[in-house]
Amino acid sequence: MGPQASCNPHFPRYRDDPRISARSTDQYATAKRQGISQANATVDAAKRYGIAAGSTMFYDLEGFDIGNKRCRESAMWFVSAWSHRIKELGYRPGMYSSASSGIKAMYAVWHAQPRGFVYPADLWIADWDGRAGTSTKYIPDKPWNPHRRVKQYRGPHKETHGGTTIEIDSNFVDLGRGSYARPVTHCGGVPVSFTSYPDLKPRTSSYTPSPIYTKALECMLRERGNFGGPIDGTYDAGLVRSINAWQRSHGLTVRKTWTQGAWKTLWAANSRPLLKRGSAGESVRDLQRALSATSAPERPKITGVMDWNTHVALVAYQKRLGRTANGMATEVTWYDLAHGR
């Protein structure tokens, strides 16, 4: 919730609350610049909170007088610029507003189809009609469907959950499949995701390293380290040299054996964003792989989505290390994994 429409009767709430500029002589250029600035701030905040790229960001445009032409048009062009910039930054734009003002105004723009206007991908409709669904009397059902709507169908009221009474609103959500991680391949299709990651060492008369895991190691050392040999599943001298180089650069004991702790450092060597329930993407897969490189029973499936099983496995890992067990992959979590703990 940033700048609000210039004719919002309850804004500003505080002296320094900004309004959307209603100046029309420059075709609402100031309002558009404000929208771009707010989009930049939105994505910066999303990244800090661990909200993955591709997630929907909703702009909260509170109710206003849609009969005021300049106020209405400036607010719509603000949302258009905000939506365009959100898309550029890799996220999905959405808009929350009251059905009788912002939502109705946005539908009018959608119906008119002005040149250069960028629409929010999803709508969050505030219509306290008590009906759990996404329909509203203020706009037809066709636009922003299917699976592109939320409706706040009940306003503030008290409910008790887990023995605690809180004041909430009620919403009906229809936004498709939720968190989703796009498939990613490595080294032309070499499998790197497994339910566990064993220690590996050179072949002996009584031991043969798994070629499947060895190929995964060769592949990831090529992507994240300095391995330049063939990805053939052979635990040979060239691979050992790359292993030793990795061990030296990551503060591990230099030896011919590749350990579970070393696997953790490998998976923590990519980006290390804050991750929490609902986060999705390759960084979540790295976390899940790292948590699977252990002898503990809590090992998540590698899905790329921060689901309940991943949360449980992460909490167990944090408890074993005496860390705050909040189920969120923080800088401390990545630090521990990067040191093979």
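## Salt bridges, disulfides and a buried proline

The side chains of Asp286 and Arg289 come together in a salt bridge, with N to O at 3.1 Å. The model you are looking at is a predicted one, so please read every value here as computed from predicted coordinates. Asp286 and Arg289 lie three residues apart in helix 7 (residues 282-292), which means that about one helical turn separates them. Both Asp286 and Arg289 are buried.

Arg289 has a further partner: its side chain also meets that of Glu282 in a salt bridge, at 2.9 Å from N to O. Glu282 is buried, as is Arg289. As a general point, side chains of opposite charge can pair when their charged atoms come close.

Elsewhere in the chain, Asp336 forms a salt bridge with Arg341, and their closest N and O atoms are 2.9 Å apart. In total, the structure holds 13 salt bridges.

### The disulfides

Now to the cysteines. A disulfide is a covalent bond between the sulfur atoms of two cysteines. Searching the whole structure turns up two disulfides, and they are set out in this table.

| Pair | S to S distance | S-S torsion | Handedness |
|---|---|---|---|
| Cys7 and Cys71 | 2.0 Å | about -80° | left-handed |
| Cys187 and Cys219 | 2.1 Å | about 95° | right-handed |

Take the Cys7 and Cys71 disulfide, with its sulfur atoms 2.0 Å apart. The torsion about its S-S bond is about -80°, and therefore the disulfide is left-handed. This pair links distant parts of the chain, 64 residues apart: Cys7 belongs to the segment before helix 1 (29-48), while Cys71 is in helix 2 (residues 69-88). Cys7 is buried, with a relative accessible area of 16%, and that is under the 20% cut-off for a buried residue. Cys71 is buried as well, at 1% relative accessibility.

In the Cys187 and Cys219 disulfide, the sulfur atoms are 2.1 Å apart. Here the S-S torsion is about 95°, so the disulfide is right-handed. This pair, too, links distant parts of the chain: Cys187 is in the loop between strand 5 (164-174) and helix 4 (211-224), and Cys219 is in helix 4, 32 residues apart. Cys187 is partly exposed, with a relative accessible area of 28%, but Cys219 is buried at 0%.

If you number the bonded cysteines of the chain in sequence order, the pairing reads 1-2, 3-4.

### Pro300 and its contacts

Pro300 is placed in the loop between helix 7 and helix 8 (308-320). With a relative accessibility of 3%, Pro300 counts as buried. Leaving out residues up to four places away in sequence, Pro300 touches Gln288, Leu291, Ser292, Asn309, Thr310 and Ala313. Of these, Gln288 is twelve residues from Pro300 along the chain, and the C-alpha atoms of the two are separated by 6.0 Å.

Notes: Residues are numbered from 1 along each chain as its sequence is written. This is a predicted model: local features need pLDDT of at least 70, side-chain atom pairs count only at pLDDT 80 or more; totals for chains, interfaces and linings use all residues. Side-chain values use heavy atoms; hydrogens and water are left out. A disulfide is a pair of cysteine sulfur atoms within 2.5 Å. Helices (H or I, at least four residues) and strands (E, at least two) are DSSP runs, numbered from the N terminus. Buried means under 20% relative accessible area, exposed over 50%, partly exposed in between (1.4 Å probe, protein chains only). A salt bridge is a side-chain nitrogen of Lys or Arg within 4 Å of a carboxyl oxygen of Asp or Glu. Contact means heavy atoms within 4.5 Å.
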